[in-house]
Amino acid sequence: MELRLTNVAVARGGVPVLSGVSFTLAAGKALILRGPNGSGKTTLLRTIAGLQPPLSGQIDGAEDAVAYAGHADGLKAMLSVAENLKFWAAIYGRRDIGPALDAYALAPLAERLTGTLSAGQKRRAGLARLMVTGRPIWILDEPTVSLDVDAVEMFAKAVQTHLAAGGMALLATHIDLGLAQAQVLDVTPLRAAPSDMHGASDEAFL
Amino acid sequence: MRAMLIRDLRLAFRAGGGFGLGLAFFLILVVLVPFSVGPQGELLASIAPGVLWLGALLACLLSLDRLLALDFEDGTLDVLATAPLPLEAALAMKSLAHWITTGLPLVLAAPFLGILLNLPTQGFSWLVISLLLGTPALSMIGTFGAALTVGIKRGGLLMSLLVLPLYVPTLIFGAEAARRGVVGMDVQTPLFLLAGISLGAIALLPFAAAAALRMTIR
Amino acid sequence: MSLWKYANPVKFLALSARVQPYAWAAAAIGILIGLGWGFFATPDDFRQGSTIKIIYIHVPAAWIAINAWIMMLFASLVWLVRRHHVSALAAKAAAPIGLVMTVIGLITGAVWGQPMWGTWWVWDPRLTSFLILFLFYLGYIALWEAIDDPDTAADLTSILCLVGSVFALLSRYAVLFWSQGLHQGASLSLDKEENISDVFWQPLVLSIAGFTLLFLALVLYRTGTEIALRRTRALNVRLDKNT
């Protein structure tokens, strides 16, 4: 079980942003993407998650193995935390949400409506969603936004546990989570050159 | 799939879900009709099937722009698109939930509003049957329209523009069946055609809607 | 090989530039002779008098209105299957022409109907179908305008065109079912030759051919404009990126 990218190029709005992305992520490992805003981290993560096709290159091992957490949490304000998590668990064909609640100290909040939570608490519920999917590859886009120090620690521990159980994690973040198993990939040098139009959807017009 | 349906129903019934809004709209619309055309019983009786069908159709349309827009904003659709449940199934379930919370109440309320419009007694059963067969198509076509316009800011008006022409055959056969029921003509042909449209829409439009949604998310 | 090489915008523009002058000229000749012949050189109809002459505009406009949509349907399919930009842009370019032709068909129909039926508008199946077609064109064009990303717009309008075609066809039959109307049967059809006598028929065919060529020339011209817009956009995006 591994995730392998071979010479992948991705585009945002039809324009190439990154090219020549290659890496292999083995079970139990994490990869942290770094790069300035607008460098294409989100686009790369969405492409690996299967939300958009790559311009070129090969992505192996991602299909039906990915749990994606973007900027929005995918939680309903008018449902309780437990109802939200149970719903996502059921969508992924699972039932047990106990460990997820425990990992993020959500048990006391389980019956609260998600809309009444603070931003940080909501984010914790959103991250707990990854645990109920049972998917091996976690793809996280800026997961620590609006989390306090304790919550970041909870998150780091949850990732550790996931990796120790043979999972994988792919993160775009600037915070040091203290993950010993993590490599760092700086995407800045992979920025698609202006001349690198190949495969762009409007290539034919240039 | 059941989880999807239950979640949408639960959301609709909780405050802020907009449940009942369509029904209230339907009621108000029907109440306004005599004010605009006059209170003569005969006139009202003759236009009642058409007015009730048109009212049901507009009430259906009213709640459609929330069907996918909220899920789009909070990231639910992104996660659904990567989930093991096919997007087609998720959309079919969302449209079923829309029918249960909007279409079905309209069907049940229609006879009572029929009384207000002096609908002849023999027309009631056919009105209900025609609405029962036709409203699923309205929900499914509406889901397709919502999927086309979900990525567009203030897409609600545009969605009406796209969806209303698609409603034409359903409206024609539905209102015709109800009208024929009132005057005691043969209702079989329009009812079969209406059922055909509903079945066709349920069978095919989830695929079109899911394709449109994937293109929007991309 | 084959036709597909013209799916490249540059090759398409080159071909279009060569074809367009002939298309414009042939369209002008067809329409001028067709209309001139029809208006001035045919006798009045024994029942309808000189009002019959409006068919030389009415019928070709209606013909284009329907066939423009069918062309858009094929272009949309080509875009969805083979993702050739020219195809999507040709569909986009054809829509306003179809819309205008639908309006011309409706207005000339009303003008013709007034002396014939004594009313500007009747809910006759054919007129009603055209009114519905008009709404489909409006929705299609509005969807193109509403979406910023050109590829997404092409995708979604193509799907709308496909689904819309099915429902337009359904509406056609629904409307037939709904009302048996006043409109005379088809003016031109292959199996019913003596629908309309030869005197009227020949200039009508010429006029239809002229309108069709006009449609072709307009689509080529407008597709060229759309390609230029896309090219400007593509270059602008690259410029922004480099700064």
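Reader: How much area do domain 1 of chain A and domain 2 of chain A bury between them?

Author: The model is predicted. Of the area buried between domain 1 of chain A and domain 2 of chain A, 70% lies on carbon and sulfur atoms. On the side of domain 1, A:Trp138, A:Ser146 and A:Met154 lose the most area to domain 2, together 46% of what that side buries. The area buried between the two domains is about 860 Å².

Reader: Which element gives the largest share of the side of domain 1 of chain A that touches domain 2 of chain A?

Author: Two residue pairs are in polar contact across this interface, both at pLDDT 80 or more. The elements that give two or more residues to the domain 1 side are strand S6 (137-141) and helix H5 (149-164) of chain A. The largest share, four residues, comes from H5(A).

Reader: How many nonpolar residues does the side of domain 1 of chain A that touches domain 2 of chain A have?

Author: In total, 12 residues of domain 1 of chain A are in contact with nine residues of domain 2 of chain A. Between the two domains the count of salt bridges is zero. By class, the domain 1 side has one polar and two charged residues. The number of nonpolar residues on that side is nine.

Reader: What distance separates the centres of domain 1 of chain A and domain 2 of chain A?

Author: Domain 1 of chain A is made of two segments, 1-65 and 136-194, and domain 2 covers 73-130. Taken over C-alpha atoms, the centres of domain 1 and domain 2 of chain A are separated by 23 Å.

Reader: Is A:Thr47 buried or exposed?

Author: A:Thr47 is placed in helix H1 (residues 41-49) of chain A. Not counting residues up to four places away in sequence, A:Thr47 touches A:Val10, A:Gln52, A:Pro53, A:Pro54 and A:Ile59. A residue counts as buried under 20% relative accessible area. A:Thr47 has a relative accessible area of 3%, so A:Thr47 is buried.

Reader: What percentage of the 243 residues of chain C count as buried?

Author: Chain C has six helices and zero strands, and along the sequence the pattern reads α-α-α-α-α-α. Among contacts in chain C with a separation of 6 or more, residues 24 or more positions apart account for 78%. Of the 243 residues of chain C, the share that counts as buried is 47%.

Terms used
Residues numbered from 1 in each chain as written. Chains lettered and ligands numbered in written order. Predicted model: local features only at pLDDT ≥ 70, side-chain atom pairs only at ≥ 80, totals over all residues. Heavy atoms only, no water. Buried < 20%, exposed > 50% of the residue type's maximum accessible area, 1.4 Å probe, protein only. Contact = heavy atoms within 4.5 Å. Domains from an automatic or database assignment. Buried area = accessible area lost by both parts, 1.4 Å probe. Salt bridge = Lys/Arg side-chain N within 4 Å of Asp/Glu carboxyl O. Polar contact = N/O pair within 3.5 Å; in protein donor to acceptor, adjacent residues only side chain to side chain. Nonpolar A, V, L, I, M, F, W, Y, C, P; charged D, E, K, R; others polar.
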